[in-house]
Amino acid sequence: MWSFLQTITKKLTLVIPTMMALGFLYGISAEAGWLKAMIIPFTFLMVYPMMVTLNIKKVFEGGDIKAQGITLGVNFLFTPFLAWGMGLAFFADKPYMALGLLLAGLVPTSGMTISWTGFAKGNMAAAVKMTVVGLVAGSLATPFYVRALMGAAIEVDVTAVFSQIFFIVFLPMTLGFITQRLLVRKFGQEHFQKRLGPRFPALSTIGVLGIVFVALALKARTIAASPELLLTILLPLVLLYGINFTISTVIGKRLLSRGDAIAMVYGTVMRNLSIALAIAMNAFGEKGADAALVVAAAYIIQVQSAAWYVKLTPRLFGPAAATSAPA
């Protein structure tokens with residue numbers, strides 16, 4: 001079972017489009033309204049397992065201050081406004097799809113930030129810190145960004161958004177931390193890190209796939225009536241990720257060491273699409289399905305682009321320094 005889930009997690013570029021297709025087929029052939037009741041269970045299953053493996057203590061460790069500062073600047077002073085501007089340009093008459101693009105640009109970093117940084121031989125400790133700080137800061141800032149940037153186009157209840165973020169992020173974070181401490185106390189830190197911890201992200205994948213299925217099922221008949229809609233969504237997403245990778249790479253090469261630069265690129269380009277998807281589906285009612293459709297499509301672009309960037313890293317930043325084997 002675990003090996004099957006881990007295989008699915010590694011093949012998200014194939015599994016997510018498949019689940020999107022299945023959700024679409026279900027939505028055009030059957031009544032999908034009852035699936036709304038599955039949004040909250042899938043949301044919890046999507047977010048809670050990620051929190052069990054989150055190392056919150058990393059936030060309080062020193063070092064890599066420059067990389068952390070640059071990451072925060074790009075994540076909160078550049079990317080949200082880029083996503084908002086592109087939403088205005090591409091979805092002028094579809095405000096909830098513009099919201100989806102904004103949400104995809106608002107909550108930075110995910111567990112994959114750490115994984116991709118490791119694959120590219122970047123600074124893993126910096127990536128962990130970026131992930132924790134980005135998740136907390138992005139969750140707190142999201143209601144204010146959405147209200148300020150989208151309040152004129154859609155109805156934004158900041159209290160409702162904060163309430164959803166509490167249940168989507170901070171409650172699972174608290175329960176995840178408690179679970180982590182209990183497991184470490186019972187089985188030890190080494191056993192948790194090597195055997196138990198790696199299993200939780202695979203559980204999160206079930207929640208992601210469930211939410212993607214529901215989002216597509218709810219919007220299936222709209223897509224069937226306008227099949228060009230998916231292409232309309234993919235174009236701004238490709239541009240958003242392309243611009244982010246380019247800007248972050250240039251900044252990293254000029255201002256940071258190789259390891260910190262790679263961590264900064266993945267800490268600014270990778271977005272926590274699970275949280276964005278959960279906010280879209282839970283905080284904006286049925287209209288949030290439009291936003292969720294954009295976020296679901298972003299999974300495809302994000303995973304593919306991150307994988308290709310690993311292959312390009314030696315050309316962009318040079319080869320990683322050789323490390324001596326431990327005694």
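Predicted model: local features only at pLDDT ≥ 70, side-chain atom pairs only at ≥ 80, totals over all residues.
Phe44 and Tyr48 sit four residues apart in helix α3 (residues 39-52), so about one helical turn separates them. In total, the structure holds seven aromatic pairs.

**The pair in helix α3**

- The ring centres of Phe44 and Tyr48 are 5.2 Å apart and the planes meet at 10°, so this pair is stacked.
- Stacking here follows from the angle, because planes under 30 degrees apart count as stacked.
- Phe44 is partly exposed, with a relative accessible area of 39%.
- Tyr48 counts as buried, at 19% relative accessibility; the cut-off for buried is under 20%.

**Lysines over rings**

- Lys253 lies over the face of Phe317, at 5.8 Å from the ring centre.
- Lys311 lies over the face of Trp308, and here the distance to the ring centre is 4.6 Å.

**Helices α7 and α8**

- Helix α7 (residues 124-150) packs with helix α8 (residues 158-187) at an angle of about 170°, and their axes are 10 Å apart.
- The two helices are therefore roughly antiparallel, because angles over 145 degrees count as such.
- From α7, the contact is made by Leu135, Val136, Ser139, Leu140, Thr142, Pro143, Phe144 and Arg147.
- From α8, the residues making the contact are Val158, Val161, Phe162, Ile165, Val169, Phe170 and Met173.

**Leu35, a loop residue**

- Leu35 lies in the loop between α2 (12-29) and α3.
- With 4% relative accessibility, Leu35 counts as buried.
- Setting aside neighbours within four places in sequence, Leu35 is in contact with Tyr26, Phe213, Val214 and Ala217.
- Phe119 is 84 residues from Leu35 along the chain, and the C-alpha atoms of the two are separated by 37 Å.

Note on methods. Residues numbered from 1 in each chain as written. Heavy atoms only, no water. Phe/Tyr/Trp six-rings, centres within 6.5 Å; stacked < 30°, edge-to-face > 60°. Buried < 20%, exposed > 50% of the residue type's maximum accessible area, 1.4 Å probe, protein only. Lys NZ or Arg CZ within 6 Å of the ring centre and 35° of its normal. Axes fitted to C-alpha atoms, helices over the stretch in contact; angles between N-to-C directions. Parallel < 35°, antiparallel > 145°, perpendicular 65-115°, else oblique. Contact = heavy atoms within 4.5 Å.
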